Amino acid sequence: MVSESSSFIKGVVLGGVFCMLVTLLGHFKMGHGTRAHHHEHHHIQAPNKEDVLNLSEDERLELSQSIRVFCIILVKPKDLGHWAAVKETWSKHCDKAEFYSSENIKVFNSVVLDTNDMWMMMRKAYKLTYERYKDEFNWFFLAYPTTFAIIENLKYFLLKKDPAQPFYIGHTVKSGDLEYVDSEGGIVLSIGSLRRLSRIFEDTDKCPEQGGMIWKLSEDKQLAVCLKYTGVIAENAEDSEGKDIFNTKSVNTLIKEAMANHPEQVVDGCCSDMAITFNGLTPNHMHVMMYGVYRLRPYGHTYNDALIFLPPEGSDND
């Protein structure tokens, strides 16, 4: 009987220990799972319309005039059709836009970078932009010639964000442990980030000109690596409802996907009302977008925007 009682007590103790171990292992597993899904980038949102309406008229005017966007468009000779379309359409709404080309092309004015390597092009463009315009502009938007951008929506998104802080904004993607802004949707850097980037360019160990020796990173990933060394991390831009506003696809593609995946809410399932970029557009599609965004107006409808972003002085924008 004593032996049976002793065995019972041992069983209870061992069972208790086993339960504790299972519980602890479960907590460790859950904790590990949480870390696996943790991501480093922030989700930052556009201002709420009500908050903007609560500002005084003088505050709104001051804010709208304080946001100055410099646009960097990276181009190659094969992009001539897109180059012309960007020059004739949305780039006119930047406070200043410059085309940075891989080589000299007589038909267009551009800053010649003398390299076909996309990372070198991006690196040189940022370096030159900082040297020339660091005292004139506080936000820097980089795009490819297949991208269409609505600069007024970008300025609205940047409202009340301090450009002296290190912002690195766009559509974020994760690749292994690296989170970066996908260049196909456009990349926004504050002057605070560009200042840090210009300094890390001098450290070729942390921010090499040619990338890794074993494999080559894409230019947007290489940019993220360099910025990460300065403490700047990718931030995903969203509207006040949490929808992405930097798009790496065209409107046409996004609508087709929404029709397939959310047929009951095609528009809501497609795009944000405050979208800033779309990518993968043909030159003709850019002109169509320009018509839809800036020219088409339903007769009799009154627009009550809280902010007015005036065109740059001397601009012939639509």
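Reader: What should I know about the model before we start?
Author: It's a predicted model, where local features need pLDDT of at least 70, side-chain atom pairs count only at pLDDT 80 or more, and totals for chains, interfaces and linings use all residues. Residues are numbered from 1 along each chain as its sequence is written, and side-chain values use heavy atoms, with hydrogens and water left out.

Reader: Why is the pair of Trp83 and Phe108 called stacked?
Author: The centres are 4.7 Å apart, and the planes are at 20°.

Reader: Where do Trp83 and Phe108 sit in the chain?
Author: Trp83 is in helix α4 (residues 80–88), while Phe108 is in the loop between β3 (96–101) and β4 (111–112), 25 residues apart. Helices (H or I, at least four residues) and strands (E, at least two) are DSSP runs, numbered from the N terminus.

Reader: Are Trp83 and Phe108 buried or exposed?
Author: Buried means under 20% relative accessible area, exposed over 50%, and partly exposed in between (1.4 Å probe, protein chains only). Trp83 has 0%, so it's buried, and Phe108 has 17%, so Phe108 is buried too.

Reader: What makes Tyr133 and Phe137 edge-to-face?
Author: Their ring centres are 5.9 Å apart and their planes are at 75°, so the pair is edge-to-face. Tyr133 is buried at 10% relative accessibility, and Phe137 is buried at 4%. Ring pairs also link Phe70, Tyr133, Phe137 and Phe140 into a cluster.

Reader: How do you know that the charge of Lys161 sits over the ring of Phe157?
Author: A charge sits over a ring if NZ of Lys or CZ of Arg is within 6 Å of the ring centre and within 35 degrees of the ring normal. The charged end of Lys161 is 4.4 Å from the ring centre of Phe157 and sits over that ring. Likewise, the charged end of Lys134 sits over the ring of Tyr130, 5.5 Å from its centre.

Reader: Why is the link of Cys71 and Cys94 called a disulfide?
Author: A disulfide is a pair of cysteine sulfur atoms within 2.5 Å. The sulfur atoms of Cys71 and Cys94 are 2.0 Å apart, so they qualify. Cys71 lies in strand β2 (residues 69–75) and Cys94 in the loop between α4 and β3, so the pair ties together parts that are 23 residues apart in sequence. With -95° about the S-S bond, the link is left-handed.

Reader: What about the other disulfides, and how many turn up in the whole structure?
Author: The search finds 3 disulfides. Cys207 and Cys226 have their sulfur atoms 2.1 Å apart, and their link is right-handed, with 90° about the S-S bond. Cys270 is joined to Cys271, S to S 2.0 Å. Numbering the bonded cysteines in sequence order, the pairing is 1-2, 3-4, 5-6.

Technical notes: Rings of Phe, Tyr and Trp (its six-membered ring) pair if their centres lie within 6.5 Å; planes under 30 degrees apart count as stacked, over 60 as edge-to-face and the rest as tilted.
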